Each structure stands twice: as structure tokens, then as C-alpha cells.
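Keep the structure open beside you as you read.

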Amino acid sequence: MSVIAANLQAVKNDIAAAAQQAGRAASDVTLLAVSKTVSASRVREAFDAGQHAFGENYVQEGIEKIAALNDLRSRIQWHFIGPLQSNKTRAVAGHFDWVHAIDRLKIAERLSEQRPAGMAPLQVCIQVNISGEASKSGVAPEEVPALAHAMAALPNLQLRGLMAIPAPASDPIAQRQPFAALRALLDQLRQSGLKVDTLSMGMSTDMGAAIAEGATLVRIGTAIFGARS
């Protein structure tokens, strides 16, 4: 077994243990392997080990990797998880399956307009600045409902849910608080009639807390691929 395959299995075991502790099924939590700065050959190695969803932070790097792994395109799912500028929306709309970090209606509108005909709707999440950090992108929690309803009405997009990167906390109880707040926001959207099902939250250091609060998708990079160069 390769190092990447062994690492993947260890992460999946951790997800299963955290889900069991939270009274959830491991199958309720999708593992997104964050492959930024990771070579296409190492992504292929992870794919061969059974990992089919990958997250990229940089548009050009992601597109080059998608092209290099084009033979896997129908079996691999590409998520764009980094901040997205207006001048990069066309490239993302034409290449990726998911976008996680939308925090402005203008970006969503451009993605909708620029999604090529014949491609499935782009699966999208709203990034929420759940900890209120000045240095972090994301929409303020109180602005989420209006943005969500506007995005849900756009053609060529399917609003799936919410994404957040909370302020770091070492205490498990402190880690859970922002995740609980994000889950409450998703519940609020559901009660308002939106069909949303995704909480993209939790990374290597706080995955357990995120799963305890209902994460449906966790974003893990270094635990799978090792430290980034």
C-alpha cells in the first residue's frame, strides 16, 4: 500500500470514528481531498486508492490538473474551494463541478451566465464568515438568507449549502460553537423552503468538532498528501 493510500485509509477511519461518536453514519460525511500544490500524478495515486473528490484553491493550477487527468474526468469530481475573483469565473464555470466560496451575488451571476451549455448545473455553496474575522472572506451570517434565495433562483447553478473556515481554536468546545452556528443557518434556509443539504466545514485540526455539529463534507489536505512544499 502506498503512503497516500495508507493516509487516505487513516483519514477515513478518523471520519468513521468521529461520525460514530456523534451518532451519525460515516457515509453521511464526504471526504474532499485538498490537492492544491499536489502534482497530478499524486492525485492519480489518490484516485487509484479510491478517492474521487478533490479540492483546488488556485484556478490555473486546478485547470492544468483537470487537463492532465482528463482520462478520469467522468469519474472524478473537482471542487473549487479558494476565493474567486470576477475575472476567473469563466474558467471555473467551464471546468469545475463545485464552487464552495461564493460570497457575492455578482460572482454567482457570472458563474451562472458562463456555465457552458450541456454541462450539469454547477453545485455551489455560500462562504460564511462565521467567526466575524476582518481578514477572512465570506458573507456575514445575517446576510446569508437574502443571498441564498437570490442564488437559488439562478439558472445553471444548484445551491447546495454553506461553507466556513472558522477562527482556529484548540479547545473542542470552542471549535464546535461556530460549526453549530453554521448548522443553525442551514436549518434556517431549509425552513424558508430552500432545498439545501451541504455543510462544507472541518479541516485536519477541527474535523471531529465539525462532524459532531453536522458537517457533510470535510476538507483534508496535509493528512493525505503530507506537508506542502
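Which side chain meets that of Arg 104 in a salt bridge? The partner is Asp 103, with 3.7 Å from N to O; a salt bridge here is a side-chain nitrogen of Lys or Arg within 4 Å of a carboxyl oxygen of Asp or Glu. Arg 104 is partly exposed at 38% relative accessibility, and Asp 103 is partly exposed too, at 24% (buried means under 20% relative accessible area, exposed over 50%, partly exposed in between, with a 1.4 Å probe and protein chains only).

Before going on, please note that this is a predicted model, in which local features need pLDDT of at least 70 and side-chain atom pairs count only at pLDDT 80 or more, while totals for chains, interfaces and linings use all residues. Residues are numbered from 1 along each chain as its sequence is written, and side-chain values use heavy atoms, leaving out hydrogens and water.

The whole structure holds ten salt bridges. One of them joins the side chains of Arg 44 and Asp 71 at 2.9 Å, N to O. Arg 44 sits in helix H2 (residues 40-48) and Asp 71 in the loop between helix H3 (59-68) and strand E3 (77-80), so this pair ties together parts 27 residues apart in sequence. Helices (H or I, at least four residues) and strands (E, at least two) are DSSP runs, numbered from the N terminus.

Now turn to helix H7 (residues 172-191), where Asp 187 and Arg 190 lie three residues apart, about one turn of the helix. Their side chains meet in a salt bridge of 3.3 Å, N to O. Elsewhere, salt bridges that share partners join Glu 56, Glu 61 and Lys 65 into one network.

Next, look at Glu 133, in the loop between strand E5 (122-127) and helix H6 (144-152). Its side chain and that of Lys 136 are joined by a polar contact of 2.8 Å (a pair of N or O atoms within 3.5 Å; within protein, one must be able to donate a hydrogen and the other to accept it, and residues adjacent in sequence count only if both atoms are side-chain atoms). Leaving aside residues up to four places away in sequence, Glu 133 touches Ile 165, Pro 166 and Ala 167, where contact means heavy atoms within 4.5 Å.
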